[in-house]
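My notes follow in the order in which I checked them.

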Amino acid sequence: MSIQIIPMFKGCCRIFVLLPLFFLQSLQAKADEDSEILWEVSSMANVGDGEFAPYYVSALQHGKVFASKGFYLDAAVEKPIEFDKRFSWGAGVELHGGISSKVSYLKWVETGETTLNDMRAAPVNIQQLYGIIRYRSLYVMLGMKNHESVLLNNSLTTGDLVESGNAREIPQLRLGLVDFRNIPLTKGLLQVQGEIGIGKFTDNHWLEKFYSYGSNHINTDAWFTYRRLYFRTRPSERFSATFGLQAAGELGGTTRWFYQGRETDRIHESLSFNKFLKWLFPIGAEKSGKGEYYDGNNLGSWDILLRYRLPWAQTVVKLYLEKPWEKGSSLGWGNAWDGLWGVEFDFGRISRFFKGVLFEYLTTMNQSGAFHFSPDDYPGTTIPSDIHGGDEYYNNNEYNSYQNYGHGIGTPFLKSPIYNLDGFPQYVDNRLHGFQLSANGQFNGISTWKIAISHRKAYGSGRQPRLHPVDDTSWMIEVGYRFRSVRGLSLNGKIAADHGDMLGNNFGIALTAVYKGAFSLK
């Protein structure tokens with residue numbers, strides 16, 4: 001008899017809520033004299049035209065902003081883990097909320113008629129709530145904690161293809177290495193870093209409210225997993241390389257198909273312990289009457305980064321590729337030139353005005369087409385060859401698209417489902433190519449700047465190509481100022497715009513005030 005892990009997860013949910021609170025409540029009793037508590041409060045106001053905030057106002061903000069107008073408050077407290085001790089622990093909590101303008105989505109009702117569904121930002125969200133325990137180089141984290149790319153420059157990139165920091169975090173248990181560690185017997189020439197996580201989506205209510213129920217499907221109560229394994233050559237050398245794999249997925253839950261407001265089919269996938277292990281470590285496929293398959297929605301990227309340190313003023317050049325995969329064909333690099341290609345120049349001490357420049361090019365035009373055929377699916381067929389198709393990036397026939405609360409968990413450069421005013425729950429423009437040029441720097445010791453411009457053209461999806469492509473050109477200018485008279489207080493202003501028929505014509509301004517500090521417990 002298989003062991004069911006649903007009751008186990010209910011227990012984990014209680015731990016997920018209680019453990020971070022326990023950490024926060026016991027700070028005074030457990031902290032050493034040099035333990036530092038970080039705190040931050042901020043407010044943000046954005047105003048613009050159109051339905052949505054401009055791309056550069058909403059992207060890579062952990063799902064906090066999507067409407068064209070809004071006012072938000074944020075408060076966070078964190079006890080970081082300490083790296084100068086063999087054993088350390090940390091915890092954090094962040095609350096986010098506010099008001100925003102509405103975005104109206106199409107919705108079908110059971111009578112076969114349509115209506116409009118207005119959605120706004122939630123008044124209050126638990127944005128982060130987590131506890132961490134570290135022993136030597138290993139760590140365990142339970143809860144919701146912001147994750148971003150460990151490979152890319154998160155202040156300049158379009159976003160990691162697997163874990164970008166664009167969506168709200170998923171409650172999960174995650175463990176791994178806190179940083180790159182030397183591999184024994186290599187004399188420091190080769191290092192390794194990796195982590196693994198399992199969590200549960202909490203956006204059931206949001207999905208059921210957003211979804212149009214006109215066609216397609218939604219999946220509720222699904223599980224989420226993340227795995228990463230990177231290797232790196234010695235970083236102290238002038239040349240170093242990082243390479244490895246990221247893998248994420250969805251499994252289990254209940255999937256319902258609808259047509260014009262009426263449910264047409266339903267599948268419930270229970271999650272046994274054995275099935276979970278097979279999915280987490282895919283060493284064997286499930287057999288059925290139509291061949292062999294792996295459960296769940298599986299996706300990820302092959303990642304390669306080459307870094308070269310120039311012989312003056314600590315300047316660094318980086319070249320990298322993140323190559324996406326969905327299922328077997330693209331996992332085996334059968335998707336031609338698809339991927340995120342980047343070149344970054346870090347100016348080091350050459351210039352204070354210019355800190356870094358980054359150029360990225362993303363193409364997803366080779367997803368193997370719309371048609372998939374395997375002889376195993378059709379016993380007795382005279383066609384002997386496999387046709388690898390239907391590998392739509394971020395979409396799946398049974399599970400939700402790769403999103404959380406409408407925002408893409410991977411790169412926001414592929415238009416997230418939250419932009420679909422017809423309430424369609426998947427990516428509609430995941431075949432595209434485009435570029436972004438971004439740069440940042442300082443005017444002086446207390447003021448900073450950043451600019452970005454991008455252009456992309458999309459051709460629909462492999463299953464539903466567009467008769468006419470859509471495009472978008474977005475730009476942004478950002479300026480930050482840190483007050484000398486009030487330590488910890490800073491202001492950030494941003495002006496941004498979108499132009500084209502992909503995201504619409506949006507123009508907006510955003511102003512953020514941040515006040516942060518730290519104190520020690522004794």
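This is a predicted model: local features need pLDDT of at least 70, side-chain atom pairs count only at pLDDT 80 or more; totals for chains, interfaces and linings use all residues.

I then took the largest cavity, which holds about 110 Å³ of space. I listed its lining and got 13 residues, with Glu 163, Ala 167, Arg 168, Glu 169 and Ile 409 the closest to the centre. I also sorted the lining of the largest cavity by residue class: four are nonpolar, five polar and four charged.

Strand β19. I next turned to residues 316-326, which make up strand β19. Is this strand enclosed or open to the outside? I counted eight of its eleven residues as buried, that is, under 20% relative accessible area, so I noted β19 as largely enclosed by the rest of the structure.

Pairing with β18. I checked the partners of β19 and found strand β18, residues 297-309, running antiparallel to β19 with eleven bridges between them. For one position I noted the residues by name: Gly 300 has Trp 325 in β19 as its bridge partner. The two strands form a hairpin, and I found six residues between them. In that turn I noted Ala 313, which has a positive phi of about 55 degrees.

Pairing with β20. I also looked up strand β20, residues 339-346, and found that β19 pairs with β20 too, in the antiparallel sense, over seven bridges. Which residue of β20 does Leu 319 stand opposite? I found Val 343 there.

Definitions and conventions: Residues are numbered from 1 along each chain as its sequence is written. Side-chain values use heavy atoms; hydrogens and water are left out. On a 1 Å grid over the protein atoms alone, a cavity is a set of points where a 1.4 Å probe fits but cannot get out, and a pocket is an open set with protein on both sides within 12 Å along at least five of seven lines; lining residues have an atom within 4 Å of a point. Grid points are joined across faces, edges and corners, and a volume is the space filled by probe spheres set on the points. Ala, Val, Leu, Ile, Met, Phe, Trp, Tyr, Cys and Pro count as nonpolar, Asp, Glu, Lys and Arg as charged, and the others, Gly among them, as polar. Buried means under 20% relative accessible area, exposed over 50%, partly exposed in between (1.4 Å probe, protein chains only). Helices (H or I, at least four residues) and strands (E, at least two) are DSSP runs, numbered from the N terminus. Two strands pair if DSSP finds at least two bridges between them.
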